[in-house]
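This report covers a helix pair and a sheet in a predicted model. The structure is shown first, and the description follows.

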Amino acid sequence: MTPQHPLTSQQIDIWLAFYQTITAPELQAALLELLNDAERQQQIRFYRPDDRLRYLVTRALVRTTLSRYAPVAPADWTFIPNEYGRPAIGNPHPDARSLNFNVSHTRGLIALAVTRERVLGVDVENLATRQVSDGIAEHFFAPAEVAELATVPEDRRQDRFFEYWTFKEAYIKARGMGLSIPLDRFSFHFPDERKVALAVDPELSDDGARWRFWQFRPTPEHLLALCAERLDGAIPHVTVRTVIPTVSDTPFAWTLLKR
């Protein structure tokens with residue numbers, strides 16, 4: 001098969017799937033055929049129909065999207081988890097092995113980020129369905145973040161919490177180490193409402209300047225954050241598209257909130 005989308009390390013593509021619109025039984029059956037046996041077994045273990053559909057579309061989205069960039073059929077992709085459980089591409093073709101991807105999902109939306117030769121992480125959250133208390137921030141956030149959050153007007157505090165949370169999740173996903181990285185050992189701060197900066201405890205063996213960040217709202221109730229490794233200093237170009245796997249994709253107009 002011939003890849004459909006050229007992609008370099010200077011580009012990051014984000015694919016958004018509003019999976020609850022994928023209701024046609026024949027399309028769901030076609031997507032299921034793309035999954036491997038283990039994925040099919042996992043899909044039927046979900047009790048709630050929404051969770052089953054979200055898992056199905058997530059796995060099909062990953063497989064069909066990666067096939068846009070490398071000559072591998074959607075059903076033929078293989079994935080090898082690292083010691084923290086993050087999957088990496090196992091296919092030997094060089095166009096496949098040079099890809100890096102990360103996926104996140106929440107109620108109503110799946111987000112997949114893809115690039116080459118640089119690690120990245122993405123997180124998306126539904127602010128309408130997740131209510132959080134101040135105690136969660138006190139338990140998980142760095143002291144500077146907790147202090148700043150306490151100064152935010154109450155009607156903005158929920159949004160500010162998720163501004164922190166999505167950035168933190170995107171960062172630990174880019175590191176590929178999951179929650180083995182303590183969330184209170186690194187902190188974000190906002191020099192102004194359009195900018196974000198990262199400070200990392202030296203014990204985490206990282207430098208905040210190693211990373212770039214973006215944040216935007218795909219919908220009024222969803223918030224998405226992207227973290228990507230800096231390479232030669234050039235800012236990668238981020239493109240966003242909505243997609244129905246195997247059916248269609250459309251350019252998506254997005255407005256940057258923070259970088």
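## Helix pair

Axes here are lines fitted to C-alpha atoms, for helices over the stretch in contact, and angles run from 0 to 180 degrees between N-to-C directions. On that basis, helix α6, residues 143-150, packs against helix α7, residues 154-175, at about 160 degrees. Their axes lie 10 Å apart. Angles over 145 degrees count as roughly antiparallel, and α6 and α7 are therefore roughly antiparallel to each other. The crossing of the two helices, α6 and α7, is right-handed.

On the α6 side, the contact is made by Glu145, Glu148, Leu149 and Ala150. These meet Arg157, Arg160, Phe161, Tyr164 and Lys168 in α7. Of the residues in the contact of α6 with α7, four are nonpolar and five are charged, with no polar ones.

## Sheet

Four strands form an open sheet in the order β6-β10-β9-β13, and their pairing is antiparallel. The edges are taken by β6 (120-126) and β13 (256-258). Each of these two has a single partner strand, so one side of each is left without a neighbour in the sheet. From one strand to the next, the twist averages 25 degrees.

Strand β9 (residues 211-219) pairs with strand β10 (residues 222-229) in the antiparallel sense, over seven bridges. Leucine 226 in β10 stands opposite tryptophan 214.

## Helix on sheet

Helix α7 also packs on the sheet, where it touches β6, β9, β10 and β13. The direction of α7 makes about 150 degrees with that of β6.

Methods. Residues are numbered from 1 along each chain as its sequence is written. This is a predicted model: local features need pLDDT of at least 70, side-chain atom pairs count only at pLDDT 80 or more; totals for chains, interfaces and linings use all residues. Side-chain values use heavy atoms; hydrogens and water are left out. Angles under 35 degrees count as roughly parallel, over 145 as roughly antiparallel, 65 to 115 as roughly perpendicular and the rest as oblique. A crossing is left-handed if the near helix is turned anticlockwise from the far one by less than a right angle, and right-handed if clockwise. Contact means heavy atoms within 4.5 Å. Ala, Val, Leu, Ile, Met, Phe, Trp, Tyr, Cys and Pro count as nonpolar, Asp, Glu, Lys and Arg as charged, and the others, Gly among them, as polar. Two strands pair if DSSP finds at least two bridges between them.
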